[in-house]
Amino acid sequence: MNASPTALPLPARAGWAQSPWFKTLRRLFARKVVLLSAVVLLLIAATALLYPLLTDSDPNDMNISMRLHAPSWAHWAGNDELGRDVMARIIYGARYSLMIGLFTALGAVVLGTLLGMLAGYFRRLDAPLMRLVDAMMAFPDILLGIALVSILGASLWNVILALTIVYTPRVARVVRASTLVLRELLFVDAAKALGVRTPLILWRHILPNLLSPVLVQVTFIFAYAILAEAGLSFLGVGVPPDIPTWGTMIAGSLEYADKAFWTILTPGVAIVLTALSLQLLGDGVRDLLDPKLKNKS
Amino acid sequence: MLHFLVKRLGGAVVVLALVAVLVFLLTRLASGDPVALLLGDQATAADIAAARVQYGLDKPLTTQFVLWIGQVLQGNLGQSLFLQMPVTQALLERAEPTMFLALFAVSIAALIGVPCGMAAAVWRGSWIDQVLSSIAMLGASIPSFWFGLILIQVFAVHLGWFPASGYGDPDASFGDRLQHLLLPALVLGVLNSALIIRFTRASVLDILGEDYVRTARAKGLGESVVLVKHVLRNALVPVVTVLGLTLALMIGGTVVTETVFNLPGVGNLVVRAVLRRDYPVIQGTLLVIAAIYVFINLAIDLLYTVVDPRIRLEGQ
């Protein structure tokens with residue numbers, strides 16, 4: 001399209017500024033809350049990753065003379081029952097908590113998308129798969145998580161596996177609903193008419209259109225998994241206590257909550273901050289990608 | 001209508017059957033021989049083999065499942081390995097605190113969630129909406145046990161207003177029970193109100209766009225009458241559904257909160273059973289909790305069609 005002569009000359013923009021990705025991101029971050037949560041998440045992730053470069057204090061360094069010391073300038077978040085620096089452990093623990101959240105979200109999304117696409121696209125598979133999803137969702141999340149971890153055995157990877165199984169049905173439901181709509185659209189009919197084979201239709205025509213609902217699910221499940229891991233650790237059926245996740249930190253310091261409240265307060269704040277940022281970001285993505293869905297849960 | 005009823009009931013039966021299969025498989029896949037666990041260290045290999053025959057564990061998996069399901073349908077969930085009582089009895093003994101806690105918590109969630117959600121929708125886009133919606137998001141980001149620990153520290157340890165844990169003496173009065181339940185109910189109620197706020201807001205926004213709301217305003221009704229009589233009454237139908245589902249999920253989802261406050265409820269029973277590998281209890285409780293969820297879900301669906309005939313017509 002040519003610009004009309006009366007229009008003001010547009011400032012020359014770099015190629016990337018014209019890309020749809022950039023425009024989408026700019027619209028996403030136009031909302032201050034969404035931008036803020038993205039910044040918070042980046043900060044948390046960066047601190048967790050760059051931790052060894054930032055400080056030389058070892059999160060597992062025990063210092064009995066500092067046992068249950070209240071927060072001070074040297075130790076912002078105080079010290080725990082073994083005299084370990086709580087802040088150092090929160091930053092170090094972020095690696096594990098974020099890892100559990102991320103891997104669970106990715107696992108659930110991959111499995112759930114596969115199941116949801118199969119159920120949504122093939123009418124014969126719909127009823128059996130969805131009844132299975134219904135059956136799995138009849139168990140409260142945390143209860144299914146406990147049962148699965150107790151069967152698999154408590155380890156970092158088994159917690160991730162258990163939570164993946166817990167959250168897969170959610171994704172499957174969302175993806176199935178979207179696939180049902182997509183299946184009836186004209187471009188799918190056109191592809192079929194052109195003789196495109198079914199696997200390729202699913203891969204090239206259905207899957208890319210599922211990106212937005214799936215992306216929203218990633219952020220939400222990421223948050224839920226961090227919360228669930230903390231809950232499982234608290235109940236004593238989560239990650240082994242020697243791995244410092246935010247959940248095991250709280251669980252480990254429980255007995256000292258009366259005397260040294262900071263040992264459970266700060267890891268909890270880290271969880272809330274991360275989960276809240278993730279959900280706000282997910283909410284922003286949802287609003288952006290589907291204005292009609294705006295305001296719906 | 002009959003067609004809808006049969007279809008819906010059939011679906012629920014299938015889901016229940018799958019739930020039973022899942023529960024059965026979950027406990028059978030578990031590592032560790034439950035018989036060896038039951039008999040203890042003293043048992044010889046011959047003892048274990050004999051016990052396996054006695055419990056029918058030597059039969060094929062499908063036969064075991066059929067035998068188990070037969071017992072379950074007769075109301076027999078088996079014998080706890082540790083509690084010296086049938087699983088059904090253990091469940092019944094623990095049902096009361098959980099039921100009261102769930103009801104109390106859902107009431108709190110509704111009392112907070114419905115007015116807040118309504119306000120957020122009516123003043124949508126304003127600072128009220130933003131604050132309320134952010135609070136709702138915050139509620140969904142707080143680990144329940146951590147929130148419980150904080151409430152215990154503040155209201156039980158420092159202020160001493162409420163007991164920190166337990167359910168009171170066996171013969172405690174109703175008021176005393178309420179005092180024990182208030183903090184845990186507050187934890188579950190406040191955290192679950194997040195969902196209710198979001199849902200009420202969405203539902204009210206939907207109704208606000210309806211023609212009959214415009215008609216009501218056009219004929220000169222006051223805004224408060226329109227909001228209460230025309231909007232709220234219609235918007236509440238889906239909200240009540242979510243409240244029902246929240247109640248259903250809470251019956252099993254109180255696990256963590258019950259542990260924090262040391263309430264002798266169903267959740268506490270499960271956690272102990274898991275820690276002790278008491279498989280009959282795990283199996284029985286999971287089955288009952290999931291079945292309650294399926295039934296409440298079904299009841300809500302059927303109620304829905306009574307309230308709103310459009311739904312059953314759509315399905316045809």
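**Entry 1: the A/B interface**

I looked up the contacts between the two chains of this predicted model. I found 43 residues of chain B in contact with 39 residues of chain A; two residues are in contact if their C-beta atoms, placed from the backbone, lie within 7 Å. On the chain B side, the elements giving two or more residues are α1 (2-29), α6 (127-139), α7 (144-158), α8 (174-208), α10 (223-253), α11 (255-260), α12 (266-276) and α13 (279-307). Helices here are DSSP runs of H or I with at least four residues, strands are E runs of at least two, and both are numbered from the N terminus. α1(B) gives the largest share, eight residues. I sorted the chain B side by class and got 34 nonpolar, seven polar and two charged residues. Ala, Val, Leu, Ile, Met, Phe, Trp, Tyr, Cys and Pro count as nonpolar, Asp, Glu, Lys and Arg as charged, and the others, Gly among them, as polar.

**Entry 2: conventions**

I noted that residues are numbered from 1 along each chain as its sequence is written, with chains lettered from A and ligands numbered from 1 in the order in which they are written. Local features need pLDDT of at least 70 and side-chain atom pairs pLDDT 80 or more, while totals for chains, interfaces and linings use all residues.

**Entry 3: chain B overall**

I looked at the fold of chain B. Chain B has 14 helices and zero strands. Its C-alpha atoms fill a box of roughly 85 × 60 × 35 Å along the principal axes. Of the 316 residues in chain B, 39% are buried; buried takes 20 or more other C-beta atoms within 10 Å of the residue's own, exposed 12 or fewer, partly exposed in between, with C-beta atoms placed from the backbone. Among chain B contacts with a separation of 6 or more, 72% join residues 24 or more positions apart.

**Entry 4: Trp146(B)**

I picked Trp146(B), which is found in α7(B). Trp146(B) counts as buried because it has 26 C-beta neighbours inside 10 Å. Beyond its neighbours within four places in sequence, Trp146(B) is in contact with Ile250(A) and Gly268(A).

**Entry 5: α12(B)**

I checked α12(B) next. Eight of its 11 residues are buried, including Val266(B), Leu269(B) and Val270(B). The buried residues pack against α6 and α10 (211-235) of chain A, and against α5 (87-122), α10, α11 and α13 of chain B. Just after α12(B), Arg277(B) takes a positive phi of about 55 degrees.

**Entry 6: α6(A) and α7(A)**

I turned to chain A. The axes of α6(A) (residues 141-152) and α7(A) (residues 156-183) come within 9 Å and cross at roughly 140 degrees. Axes are lines fitted to C-alpha atoms, for helices over the stretch in contact, and angles run from 0 to 180 degrees between N-to-C directions. The two helices are therefore oblique to each other; under 35 degrees is roughly parallel, over 145 roughly antiparallel, 65 to 115 roughly perpendicular, and the rest oblique. Leu144(A) and Leu148(A) are among the α6(A) residues that meet α7(A), where the partners include Val159(A) and Ala162(A).

**Entry 7: the record**

I looked up chain A in UniProt. The unreviewed entry lists "transmembrane region" for several stretches of chain A, including residues 142-165 and 215-240. Such annotations may be inferred rather than shown by experiment. Residues 142-165 of chain A are 88% helix, with end C-alpha atoms 12 Å apart. Residues 215-240 of chain A are 81% helix, with end C-alpha atoms 30 Å apart.
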